[in-house]
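Subject: Structure handover

Hello,

Here is the structure we talked about. Please open it next to this message. My notes follow below.

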Amino acid sequence: MALLPFDIDVSAPGEELLEIARRELRETPEIRAAAIEELRLLLKTTTDMYFSDEEDFLLIFLRPCHFYAESALKMMRRIAEFKRSNQPLLDNLKPEEEKRAFVEHSVVNVLVNRDQKGRRVLLVNCGAAWDPKAVSSEQLFRVFFLIHLVAQLEPSTQINGIVVVLDFDGLSLKQVKALSPAFCKRLITFIQDAMPLRLKEVHILKQPFIFNMVWALFKPFIREKLKSRIFFHGMDMRKLHKHIDQCDLPANYGGDLPPLNYGGREWYPCVFNYIDHVNQWNTFGFRSIDLQ
């Protein structure tokens, strides 16, 4: 069955993708099998947390951790800690409760195509396109969180990783005021500690001078590894094209593809189609006795 434009690819990786995984993630059939078995055993002896031990699920954590089972378990613990610390925001998260933010606003989008390195490209409109009165910073985070839950199901994304493009065109005090220090810390903590995806690059575009106020909020929480992957381009799309091929970008960013004519409205059904994974994820983390 052909893949629809607004759907994810959950098919098993082919030989070319497996070669990338072998080269970059140490993934071979032998290492994969041994790491899955080791992580299963570690989960069995971890009494304060609950996560599925199904093979496809464990690969979500093993791939970004280069198939080191103990590192994968540490990531699971960080995710459990993040869920507990942000329980009011993430408890029993449901796509239908964020449908309005998806469908009626174009704050978060995903390119239907991948870039030249096979990476998913997430677009976030942080400037004038974002009305914090319509979509609060908490809703923005939940939308981002739901998208990451769906993206982690793609073997190709687990292996190739993701790229985030932050578009600050038209940024004003209205948006700056919505980006509180608490939100900034939460987002950066999630990205650095509790997101089981390979974040390869972050590109900041069309930022006006007032962006310095935003950067001052984020900067204290950013560690060196993430800082080395953040690139500032302003209005110069040629600088962006050094990282993402022009042929893989829409005209909005100086690319050869048509201007974007899709967004959250088109992607929402995809997120809802994987409601079982979202519901399952809601059950993972520290066992309920530890939340009391």
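Why does Thr 46 count as buried? Thr 46 counts as buried because its relative accessibility is 9%. Buried means under 20% relative accessible area, exposed means over 50%, and partly exposed lies in between, with a 1.4 Å probe and protein chains only.

Some ground rules. This is a predicted model: local features need pLDDT of at least 70, side-chain atom pairs count only at pLDDT 80 or more, and totals for chains, interfaces and linings use all residues. Residues are numbered from 1 along each chain as its sequence is written, and side-chain values use heavy atoms, with hydrogens and water left out.

**Thr 46**

Thr 46 sits in the loop between helix H2 (29-44) and strand S1 (49-50). Helices (H or I, at least four residues) and strands (E, at least two) are DSSP runs, numbered from the N terminus. The Thr 46 side chain reaches the backbone oxygen of Leu 42 at 2.6 Å. Setting aside neighbours within four places in sequence, Thr 46 is in contact (heavy atoms within 4.5 Å) with Leu 73 and Arg 77.

Look next at His 66 and Phe 67. His 66 lies in the loop between helix H3 (55-62) and H4. The place of Phe 67 is also in the loop between H3 and H4. His 66 is not a glycine, yet has a positive phi of about 55°. Phe 67, also a residue other than glycine, has a positive phi near 65°. Are they buried or exposed? His 66 is partly exposed, with a relative accessible area of 27%. Phe 67 is buried, at 3%.

**Phe 82**

Phe 82 is in helix H4. Its relative accessible area is 6%, so Phe 82 is buried. Which residues does Phe 82 touch, not counting those up to four places away in sequence? They are Leu 90, Phe 141, Arg 186, Thr 189, Phe 190 and Ala 194. Phe 82 and Arg 265 are 183 residues apart in sequence and 28 Å apart in space, C-alpha to C-alpha.

**Cavities**

On a 1 Å grid over the protein atoms alone, a cavity is a set of points where a 1.4 Å probe fits but cannot get out; lining residues have an atom within 4 Å of a point. Grid points are joined across faces, edges and corners, and a volume is the space filled by probe spheres set on the points.

How many cavities of 30 Å³ or more does a search of the whole structure find? It finds three. The largest cavity has a volume of about 390 Å³. Its lining has 25 residues, and Val 164, Leu 166, Leu 187, Ile 191 and Phe 218 lie nearest its centre. Helix H7 (137-151), strand S4 (162-167), helix H10 (181-193), strand S5 (199-205) and helix H11 (211-218) each supply at least two lining residues. By class, the lining of the largest cavity has 25 nonpolar, no polar and no charged residues. Ala, Val, Leu, Ile, Met, Phe, Trp, Tyr, Cys and Pro count as nonpolar; Asp, Glu, Lys and Arg count as charged; the others, Gly among them, count as polar.

The second largest cavity holds about 220 Å³. Its lining has 18 residues, with Val 110, Leu 122, Ile 147, His 148 and Ala 151 nearest the centre. Strand S3 (120-125), H7 and helix H14 (264-273) give two or more residues each to this lining. H7 gives the most, with five. The classes here are 15 nonpolar, one polar and two charged.

**Largest pocket**

A pocket is an open set of points with protein on both sides within 12 Å along at least five of seven lines. The largest pocket holds about 540 Å³. Of its 19 lining residues, Ile 191, Gln 192, Leu 197, Lys 225 and Arg 229 lie nearest its centre. Helix H4 (69-85), H10, S5 and helix H12 (224-227) each supply at least two. The lining divides into nine nonpolar, three polar and seven charged residues.

Asp 245 is in the loop between helix H13 (237-241) and H14. Asp 245 is partly exposed, at 30% relative accessible area. Asp 245 and Lys 225 are 20 residues apart in sequence and 24 Å apart in space, C-alpha to C-alpha.

UniProt, in an unreviewed entry, places "domain: CRAL-TRIO" at residues 95-261. Such annotations may be inferred rather than shown by experiment. Over residues 95-261 the chain is 37% helix and 16% strand, and the end C-alpha atoms are 22 Å apart.

Best wishes

Note on methods
A polar contact is a pair of N or O atoms within 3.5 Å; within protein, one must be able to donate a hydrogen and the other to accept it, and residues adjacent in sequence count only if both atoms are side-chain atoms.
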